[in-house]
Amino acid sequence: MKRYDENDFGLDYPDDWTVHSDSDSGCDGVTVEAPEGGFLTISRFSALYEPEELVRAAVDEVTREYGDCDVEPAQDVYQSGVLRGQDVDFLYLDLPCTVSIRAARHGGSTYVFYCQTAAISEDRATQFRAVTASFLDFLGVDVTEKPEIS
């Protein structure tokens, strides 16, 4: 495993993956990419943004880009608690894909976790959840004790 620790983002990721920092209008973040496909982007926004609002905006963007999508409420359980959001399933070039979007408020920021993988790659999804867990550990988040995290 490698460690990324820059720009107030810290996480662990597999040795053969790539990571780069992102800076976009109104947020900053980090993207971790697997060599065979799939990526996880963690974006930090001002706490003025509600987690649910950011999840909804991301879901709207995916459905605009890919058309016919199945959207379902979803959650991921971590040692530190539960992150909630939406899963979006769609076909891209006849390949089933899943986008998992979660959001959480911590301190003075709202974080969005946007993970896109081939739907058939459960191992890859598990690896991305491990990267997310390492970031939550970096933040010192215990979602069971912080009601502001959704």
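# Exercises on a predicted protein model

The protein exposes about 8,100 Å², and carbon and sulfur atoms supply 47% of that area (areas come from the Shrake-Rupley method with a 1.4 Å probe; for residues, only the protein chains shown count as cover). This is a predicted model, in which local features need pLDDT of at least 70 and side-chain atom pairs count only at pLDDT 80 or more, while totals for chains, interfaces and linings use all residues. Residues are numbered from 1 along each chain as its sequence is written, and side-chain values use heavy atoms, with hydrogens and water left out.

## Exercise 1: Overall layout

Solution. 

1. Start with the elements: there are 2 helices and 9 strands (DSSP runs, H or I of at least four residues for helices and E of at least two for strands, numbered from the N terminus).
2. Now the dimensions: along the principal axes, the C-alpha atoms fill a box of roughly 40 × 35 × 30 Å.
3. Finally, 44% of the 150 residues count as buried (buried is under 20% relative accessible area, exposed over 50%, partly exposed in between, with a 1.4 Å probe and protein chains only).

## Exercise 2: The nonpolar cores

Find which residues have the most contacts inside the largest nonpolar core, and which element gives the most to this core.

Solution. 

1. The largest nonpolar core has 22 residues, and L11, I42, F113 and F135 have the most contacts inside it (a nonpolar core is a set of buried Ala, Val, Leu, Ile, Met, Phe, Trp, Tyr and Cys residues joined through side-chain atoms within 4.5 Å).
2. Two or more residues come from each of β2 (9-13), β4 (27-33), β5 (39-46), β9 (109-118) and α2 (122-139).
3. Of these, α2 gives the most, with 5 residues.
4. Apart from this core lies another one of 16 residues, including L54, V55, V62 and Y114.
5. Take L11 as an example: leaving aside neighbours within four places in sequence, L11 is in contact with K2, R3, Y4, V30, V32, I42, V131, S134 and F135 (contact means heavy atoms within 4.5 Å).

## Exercise 3: Salt bridges

Which residue pairs with R102 in a salt bridge, and which with E61?

Solution. 

1. The whole structure holds 6 salt bridges (a side-chain nitrogen of Lys or Arg within 4 Å of a carboxyl oxygen of Asp or Glu).
2. R102 pairs with D87, their closest N and O atoms being 3.0 Å apart.
3. This pair links distant parts of the chain, with R102 in strand β8 (residues 95-106) and D87 in strand β7 (residues 81-92), 15 residues apart.
4. R102 is buried, at 3% relative accessibility, and a network of salt bridges links D76, D87 and R102.
5. E61 pairs with R64, with closest N and O atoms 3.0 Å apart; being 3 residues apart in helix α1 (residues 51-66), they are separated by about one helical turn.
6. E61 is partly exposed at 40%, whereas R64 is exposed at 60%.

## Exercise 4: Confidence

Identify where pLDDT stays under 50.

Solution. 

1. The mean pLDDT is 86, and 90% of residues reach 70 or more (pLDDT is the predictor's confidence in each residue, from 0 to 100).
2. The stretch under 50 is residues 144-150, for which the model has 19 contacts beyond four places in sequence.
3. Where pLDDT is low, the predicted coordinates should not be read in detail.
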